[in-house]
Amino acid sequence: METKTKNFVIVGVLIAILIAIAAPFLASSNPDGLESAAEKILNPGVSDEAVMESPMPDYIVPSLGESGISGSIAIVIGVLIVFALAYLIGVGLKRKA
């Protein structure tokens, strides 16, 4: 990877991490549109239990409780996982070409 491209990627990841750290402190505590609509139209007889439990439900790390710091850590972990997956897919596609 060229130095210019590598620097661009590093700066992009750092900006994403900074946004991830700030997001829980700036986000509204009101439910979003999709969640609000689901609460209004969900039939009482329909189960709303998940098939599988999320490792970080509601963007928090369960062992750290429901705080802004817990949310920041959860989102940073998500950003790093998505970046790693995108990088691995890119490397795999580059090898095929």
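The model is predicted. The chain holds three helices and zero strands, and its elements follow the order α-α-α from the N terminus.

**Overall dimensions and surface**

- The radius of gyration of the chain is 18 Å, whereas a compact globule of 97 residues would have a value near 13 Å.
- Along the principal axes, the C-alpha atoms of the chain fill a box of roughly 55 × 35 × 25 Å.
- Of the 97 residues in the chain, 10% are buried.
- The chain has an accessible surface of about 8200 Å², and carbon and sulfur atoms account for 67% of that area.
- Among contacts in the chain with a separation of 6 or more, 54% involve residues 24 or more positions apart.

**Helix 1 and its packing**

- Helix 1 covers residues 3-26.
- The 24 residues of helix 1 should span 34 Å at 1.5 Å a residue, and the computed distance between the end C-alpha atoms is 34 Å, so the two values agree.
- Val13, Ile17 and Ala20 are the buried residues in helix 1.
- These buried residues of helix 1 pack against helix 3.
- An α-helix has 3.6 residues a turn, so residues three or four places apart point the same way.

**Helix 3 and its packing**

- Helix 3 covers residues 68-96.
- With 29 residues, helix 3 reaches 42 Å from its first C-alpha to its last, close to the 42 Å expected at 1.5 Å a residue.
- The buried residues in helix 3 are Ser70, Gly71, Ser72, Ala74 and Val76.
- Helix 1 is included in what covers the buried residues of helix 3.
- Ser72 is located in helix 3 and counts as buried because its relative accessible area is 7%, where the cut-off for buried is under 20%.
- Apart from neighbours within four places in sequence, Ser72 is in contact with Ala20, Ile21, Pro24 and Phe25.
- Ala20, one of these contacts of Ser72, is itself buried in helix 1.
- Ala84 is placed in helix 3 and counts as partly exposed because its relative accessibility is 35%.
- The C-alpha atom of Ala84 is 11 Å from that of Val13, a residue 71 positions away along the chain.

- Two or more residues of the nonpolar patch come from each of helix 1 (3-26) and helix 3 (68-96).
- Helix 3 gives the largest share of the nonpolar patch, with five residues.
- Ile69 counts as exposed because its relative accessibility is 58%, and the cut-off for exposed is over 50%.

**The loop between helix 2 and helix 3**

- Helix 2 covers residues 33-41, and the loop between helix 2 and helix 3 contains Asp58.
- Most residues other than glycine have a negative phi.
- Asp58 has a positive phi, near 55°, although the residue is other than glycine.
- Tyr59, likewise a residue other than glycine, has a positive phi near 60°.
- Asp58 is exposed because its relative accessible area is 70%.
- Tyr59 counts as exposed because its relative accessibility is 63%.
- Pro57 counts as partly exposed because its relative accessibility is 25%.
- Pro57 and Glu2 are 55 residues apart in sequence, and their C-alpha atoms are 38 Å apart in space.

Conventions
Residues are numbered from 1 along each chain as its sequence is written. This is a predicted model: local features need pLDDT of at least 70, side-chain atom pairs count only at pLDDT 80 or more; totals for chains, interfaces and linings use all residues. Side-chain values use heavy atoms; hydrogens and water are left out. Helices (H or I, at least four residues) and strands (E, at least two) are DSSP runs, numbered from the N terminus. Buried means under 20% relative accessible area, exposed over 50%, partly exposed in between (1.4 Å probe, protein chains only). The radius of gyration is taken over C-alpha atoms; the globule rule is 2.2 Å times the number of residues to the power 0.38. Contact means heavy atoms within 4.5 Å. Accessible areas come from the Shrake-Rupley method with a 1.4 Å probe; for residues, only the protein chains shown count as cover. The expected span of a helix is 1.5 Å times one less than its number of residues.
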